[in-house]
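Hello! Here is the structure I promised to pass on to you. Have a look at it first, and then read my notes below.

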Amino acid sequence: MMRRALFHAARAQGATVPNPVVGAVVVDRNGVVVGQGFHERAGLPHAEVVALEAAGDRARGATLYVTLEPCCHTGRTGPCTRRILASGVSRVVAATLDPYPQVAGHGVRELRAAGVTVEVGLEERAARRLNAAYLMAYEHQRPLVVVKAAASRDGCIAAAPGRRTRISGAQAGRRTQLLRAATDAVAVGVGTILVDDPVLTVRDVVRARPYTRVVFDRQLRVPASARVLGTPGNGRVIMVTSAGALTGQASRVRELEADGVVVIGAASLEDACRQLVRHEVHTLLVEGGARLHRGFWEAGLVDRLHLIVAPEVLGDGGVPLFDGVAVPWQRLTGLTAEPCGQDVWIEADVHWNR
C-alpha cells in the first residue's frame with residue numbers, strides 16, 4: 001500500500017514547493033482501500049486529509065499509509081495529526097520522518113501519545129528519493145543540484161569558445177523540457193547569456209507553478225537587452241553576483257531590481273545555494289556553461305547528472321565538457337544510459353560520502 005501512496009505522491013512532482021510531495025492511502029480492517037489521494041500544491045489540503053475525507057466513516061479503525069510523517073502544526077492548512085485523530089484511524093504507517101523543524105518527529109509522538117500505533121520506515125528509501133529536494137532543503141539548507149549538459153562524442157559542448165553550437169537532437173530537447181518542468185529553477189552562467197541569449201522557459205509542457213530563471217554573473221555583465229530580462233511573464237529572474245558588484249555597481253543593481261530582478265550577492269556557490277533555498281528554490285537545474293558546471297563539481301554540490309551524448313565529433317578546437325573537469329564516475333550510482341533519438345541520455349545520482 002505504501003507503493004500506491006508513493007505513486008500518488010509522484011503525481012504532484014514540481015507543483016508543491018515549498019511543501020513536499022505526499023501521498024496517502026486508507027485501508028480498512030478487511031484490507032480494502034477506502035480512501036486515497038495526494039497533496040496537489042501548497043495551500044490545498046494535505047494528502048492525509050484528502051484520503052481521510054474520501055474514506056469518511058470507513059476510516060475508523062483503519063490503517064493510514066502516508067509517504068511522510070503527518071504534520072502537527074498550523075501553516076497554510078491545519079495540523080494533519082488532529083484530523084487523523086478525529087477520523088478514528090487506529091494505525092499510521094509513515095515512510096519517513098519530516099525534517100521540517102515544526103514537525104521533525106513531533107507528529108509521530110503526538111499520534112502515539114493519543115494511542116495510535118505508528119510505524120516509520122516502510123519504503124523509506126523510495127520516499128526519500130521522491131522528496132530528495134525537500135529533504136535537501138531542510139537537512140542541508142541548499143537545493144538539490146541537477147547538472148545537465150549536452151556534449152559531442154569527443155566530449156565538447158561547443159565547436160569553439162563563444163560559438164553557439166547545436167549538439168543534441170529534437171527528442172533530447174523535448175526531454176529537457178520535461179526535466180525543466182520537474183524542477184524549481186534553471187541556472188546558467190553569464191557566458192551562456194552572452195553567447196546564446198536564451199529565454200530559459202519551460203516550453204510545450206504543462207507546469208503548475210511559475211518557473212524561476214537564475215543567472216550567475218559575478219560582474220553584472222548581462223546586458224539590459226538580454227531576452228531573459230525582457231520576459232518577466234515567463235517567470236522571475238534571480239541574478240547571483242558577488243558582494244563587490246552589489247556595492248560597486250549599485251546603480252546597475254537598482255536598474256535590475258526596478259525591472260523585477262532579484263539580485264543576491266554571494267561569497268561562494270555554497271552561499272548562493274543557501275540563499276536560493278530562501279527563495280523557495282529546492283531543485284536547481286544547472287544547464288551551463290562549462291565554467292559554471294566546473295564550479296559546482298569542484299564545490300561538491302552536484303547531486304544528479306543528466307548527460308546527453310551526441311554522435312558527432314567537434315574536434316580539437318572544441319570547448320571541453322565541464323571545462324575539463326573529469327566526471328567522478330566512481331561517485332555515480334544508479335547510472336542508466338538509453339537512446340534518445342540520435343543521442344544517448346545518461347542519468348545518475350552523485351554521492352560525495354558526506
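A crossing of two helices is called left-handed if the near helix is turned anticlockwise from the far one by less than a right angle, and right-handed if clockwise. Helices (H or I, at least four residues) and strands (E, at least two) are DSSP runs, numbered from the N terminus.

Before we start, please keep in mind that this is a predicted model, where local features need pLDDT of at least 70, side-chain atom pairs count only at pLDDT 80 or more, and totals for chains, interfaces and linings use all residues. Residues are numbered from 1 along each chain as its sequence is written, and side-chain values use heavy atoms, with hydrogens and water left out.

Let's begin with the pair α3 and α4. Their crossing is right-handed. On the α3 side the contact (heavy atoms within 4.5 Å) is made by Thr81, Arg82, Ile84 and Leu85, and on the α4 side by Gly107, Glu110 and Leu111. Sorted by class, that contact has 3 nonpolar, 2 polar and 2 charged residues. Here Ala, Val, Leu, Ile, Met, Phe, Trp, Tyr, Cys and Pro count as nonpolar, Asp, Glu, Lys and Arg as charged, and the others, Gly among them, as polar.

Now for α3 itself, which spans residues 80-87 and has Cys80, Thr81, Ile84 and Ser87 as its buried residues. Seen down the helix axis, these fall within an arc of 125°, so they line one face of α3. That arc is taken from the directions from the helix axis to the C-beta atoms. Buried means under 20% relative accessible area, exposed over 50%, and partly exposed in between (1.4 Å probe, protein chains only). The face of α3 turned away from its buried side carries the exposed residues Arg82 and Ala86. Among the elements covering the buried residues of α3 are α2 (47-55), β3 (63-66), β4 (91-94) and α4 (106-113). Just after the helix, Gly88 has a positive phi of about 90°.

Thr117 sits in strand β5 (residues 117-120) and is partly exposed, at 41% relative accessible area. Thr117 is 26 residues from Arg91 in sequence, and their C-alpha atoms are 4.6 Å apart.

Setting aside residues up to four places away in sequence, Leu276 touches Pro143, Val214, Ile238, Ile264, Val281 and Leu284.

Happy exploring!
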